[in-house]
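Subject: Structure handover

Hello,

Here is the structure we talked about. Please open it next to this message and follow along.

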Amino acid sequence: ISKSAELLRPNSTYGTTGVFHVRGNAAKPGTYNLTSSTTLLKAISMAGGLSGPSPAYVDVLRTHGKTVTLRFDLVDIRNGKASDPKIYDGDLILIPE
């Protein structure tokens, strides 16, 4: 699984228009509008944060011709060891419960 998610959507509308979806262990799962600075952590925050214990990882399902599952390590992102990935139009963020 590649963590270079932005390379999978070179013609994406990141940060301009569209929506993303949050499912699973979020306080307010649902569909949200993209903003000019939507990243994974910001998306989780927009969904009210986590509704339970923090999982070690989050999966993002991204469709660009085919659906690809990208796994991101939340601990590394929060500790600055990994970058906070961009969220794209149509992304589905799955937070394990």
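Leu92 counts as partly exposed, because its relative accessibility is 22% and the cut-off for buried is under 20%. Leu92 belongs to strand 5. Bear in mind that this is a predicted model.

What does Leu92 touch, leaving out residues up to four places away in sequence? The list is His21, Arg23, Asp59, Val60 and Leu61. Leu61 is also a bridge partner of Leu92. Thr63 sits 29 residues from Leu92 along the chain, and their C-alpha atoms are 9.1 Å apart.

**One residue back**

Asp91 lies in the loop between helix 2 and strand 5. Is Asp91 buried or exposed? Asp91 is buried, because its relative accessibility is 0%. Its side chain has a polar atom 2.9 Å from the backbone nitrogen of Tyr88.

**The overall layout**

The chain has 97 residues, and 33% of them count as buried. Its accessible surface is about 5,100 Å². Carbon and sulfur atoms account for 51% of that surface.

The chain holds 2 helices and 5 strands. Read from the N terminus, the order is β-β-α-β-β-α-β. Take the contacts between residues at least 6 apart in sequence: 59% of these join residues at least 24 apart.

The 5 strands make an open sheet in the order 2-1-5-3-4, and the pairing is mixed. Which strands stand at the edges? They are strand 2 and strand 4. Each has a single partner strand, so one side of each has no neighbour in the sheet. From one strand to the next, the twist averages 25°.

Here are the pairings, one by one:

- Strand 1 (residues 19–24) and strand 2 (residues 30–33) run antiparallel, joined by 4 bridges. The two form a hairpin with 5 residues between them. His21 has Thr31 of strand 2 as its bridge partner.
- Strand 1 pairs with strand 5 in the parallel sense, over 4 bridges. Val22 stands opposite Ile93 of strand 5.
- Strand 3 pairs with strand 5 in the antiparallel sense, over 3 bridges. Leu61 has Leu92 of strand 5 as its bridge partner.
- Strand 3 (residues 57–64) and strand 4 run antiparallel, joined by 8 bridges. His64 has Lys66 of strand 4 as its bridge partner.

**The core**

How many residues does the largest nonpolar core have? The count is 18. Those with the most contacts inside this core are Phe20, Val22, Leu40, Val58, Ile87, Ile93 and Ile95. At least two core residues each come from strand 1, helix 1 (40–46), strand 3, strand 4, helix 2 (74–78) and strand 5. Helix 1 gives the largest share, 3 residues.

Ile93 is worth a look here. Set aside its neighbours within four places in sequence, and Ile93 contacts Phe20, His21, Val22, Arg23, Leu40, Ala43, Val58, Asp59, Val60 and Ile87.

Asp59 is found in strand 3. Asp59 counts as buried, because its relative accessible area is 13%, and the limit is 20%. Which side chain makes a polar contact with that of Asp59? The partner is Arg71, at 2.8 Å.

Best wishes

Note on methods
Residues are numbered from 1 along each chain as its sequence is written. This is a predicted model: local features need pLDDT of at least 70, side-chain atom pairs count only at pLDDT 80 or more; totals for chains, interfaces and linings use all residues. Side-chain values use heavy atoms; hydrogens and water are left out. Buried means under 20% relative accessible area, exposed over 50%, partly exposed in between (1.4 Å probe, protein chains only). Contact means heavy atoms within 4.5 Å. Accessible areas come from the Shrake-Rupley method with a 1.4 Å probe; for residues, only the protein chains shown count as cover. Two strands pair if DSSP finds at least two bridges between them. Axes are lines fitted to C-alpha atoms, for helices over the stretch in contact, and angles run from 0 to 180 degrees between N-to-C directions. A polar contact is a pair of N or O atoms within 3.5 Å; within protein, one must be able to donate a hydrogen and the other to accept it, and residues adjacent in sequence count only if both atoms are side-chain atoms. A nonpolar core is a set of buried Ala, Val, Leu, Ile, Met, Phe, Trp, Tyr and Cys residues joined through side-chain atoms within 4.5 Å.
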